[in-house]
Amino acid sequence: MEEQAPKDFWQRHLAQQEAILAELRALRTAQQEQAAKLQAQEQVLRHLVTLTRWQTLLQRATMLAGITAADGRHADPLSLTHAYAQVYSQNGEDGMTAEIFRRIGTRDRFFVEIGIENGLQCNTRLLLEAGWRGVWLEGSKTKAQEAAQHFRPFVESGALKIFPGVIAPQNIEAVLDRLGVPACFDYLSLDIDQHTHSVWRAMKRQARVACIEHNGSIPPSMAVEVPFDPAKFWDGSNWFGAGLKTMELIGTAKGMHLVGCDLTGTNAFFVTAEETEGRFRAPFTAEAHYQPASYPFLAHTGHPASREGRRWVQSPETPPLDPSPAPSP
């Protein structure tokens, strides 16, 4: 009996310890479940806050778009905004570019795009895959290398050259010389955020059509820009680049007319002056073509873009292009 008493004591003690451990495990499990629920609720709240913010911005952008469209310019057949279409571009530039060349025709089908990141979403990818040739310039060497991998067949065939390096007013012409860019070519797309205007101003080569990023936050009557500073890069604020009026003036100095802007107020389109009469909506001024910055419209529509460089071919039913198309759009 004396030997049994200590044994019973330790058995009761162990049972109590196991019960305590079981309670602790149950508490820990309950805490983990509660933490998971709280985390899920936080995610839902963050999503709702983000959704509410973007809905507010979208409503504001829609209102602004309605106000700017009140003069009927978007319904004008000479306007470009109704040509919005998106295959690889960010803001519908694919469609507007195609519409411009539908009106004026192509010549050498050569492009230059400055600021392409990895090339998957840019303004000349569709042209490249449709048989054009040209050059891409990208400040990030890592992104340029990714682009070279995505579009290796085009690089290997010689249809595409990619230059990795920061572009500035001081080196743009030397880089274009190195890449063999002709003195006059069909299409230029330029989007490098902080100093787009400075690089475009410094370019001596002439593009028949140009798609140029501008700062849509700046009123269209103000010709202002950020000063060039090679040490400055876009900080995510609205202090970058130049307003549409500045771009209009640069274009005029190059013998080009401002013929339209995309709906987000991100890019402005220019065409050589001798090719605009009767084909595009006049007057060719910032005040006439300004679109307020409406970045909530930035979203890819339709199916996702291919992650590989592919080829498109011309439909056999397509009639030959008239080298001198009629002035009407």
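This briefing describes the overall make-up of one protein chain and then several of its local features. The model is a predicted one. The chain contains 9 helices and 7 strands, and 41% of its 329 residues are buried.

**The chain as a whole**

- The chain exposes about 18000 Å², of which carbon and sulfur atoms supply 58%.
- Of the contacts between residues at least 6 apart in sequence, 70% join residues at least 24 apart.

**Strand β4 and its partners**

- Strand β1, made of residues 110-114, pairs with β4 in the parallel sense over 4 bridges.
- In this pairing, tyrosine 187 in β4 has phenylalanine 111 opposite it.
- Strand β5, made of residues 206-213, also runs parallel to β4, and 6 bridges join the two.
- Here serine 189 stands opposite cysteine 211, a residue of β5.

**Threonine 266**

- Threonine 266 is found in the loop that lies between β6 (256-261) and β7 (267-272).
- Its relative accessibility is 10%, and threonine 266 therefore counts as buried, since buried means under 20%.
- The side chain of threonine 266 is joined to that of threonine 264 by a polar contact of 2.6 Å.
- When neighbours within four places in sequence are left aside, the residues in contact with threonine 266 are Asn91, Ile212, Glu213, His214 and Tyr295.
- Two of these partners, Ile212 and Glu213, fall within the residue range 206-213 of strand β5.

**Lysine 141 and helix α4**

- Lysine 141 belongs to helix α4, which covers residues 141-150.
- With a relative accessibility of 55%, lysine 141 counts as exposed, because exposed means over 50%.
- Lysine 141 and glycine 165 are 24 residues apart along the chain, while their C-alpha atoms are separated by 6.3 Å.

**A nonpolar surface patch**

- Ile20, Leu21, Leu24 and Leu27 make a nonpolar surface patch of about 360 Å².
- One of these residues, leucine 21, lies in helix α1, which covers residues 4-68.
- Leucine 21 has a relative accessible area of 41% and is therefore partly exposed, as this value lies between the limits of 20% and 50%.

Methods: Residues are numbered from 1 along each chain as its sequence is written. This is a predicted model: local features need pLDDT of at least 70, side-chain atom pairs count only at pLDDT 80 or more; totals for chains, interfaces and linings use all residues. Side-chain values use heavy atoms; hydrogens and water are left out. Buried means under 20% relative accessible area, exposed over 50%, partly exposed in between (1.4 Å probe, protein chains only). A polar contact is a pair of N or O atoms within 3.5 Å; within protein, one must be able to donate a hydrogen and the other to accept it, and residues adjacent in sequence count only if both atoms are side-chain atoms. Contact means heavy atoms within 4.5 Å. Patches are made of residues with over 30% relative accessible area and no salt bridge: like charges are joined within 9 Å, nonpolar side chains (Val, Leu, Ile, Met, Phe, Trp, Tyr) within 5 Å. Accessible areas come from the Shrake-Rupley method with a 1.4 Å probe; for residues, only the protein chains shown count as cover. A salt bridge is a side-chain nitrogen of Lys or Arg within 4 Å of a carboxyl oxygen of Asp or Glu. Two strands pair if DSSP finds at least two bridges between them.
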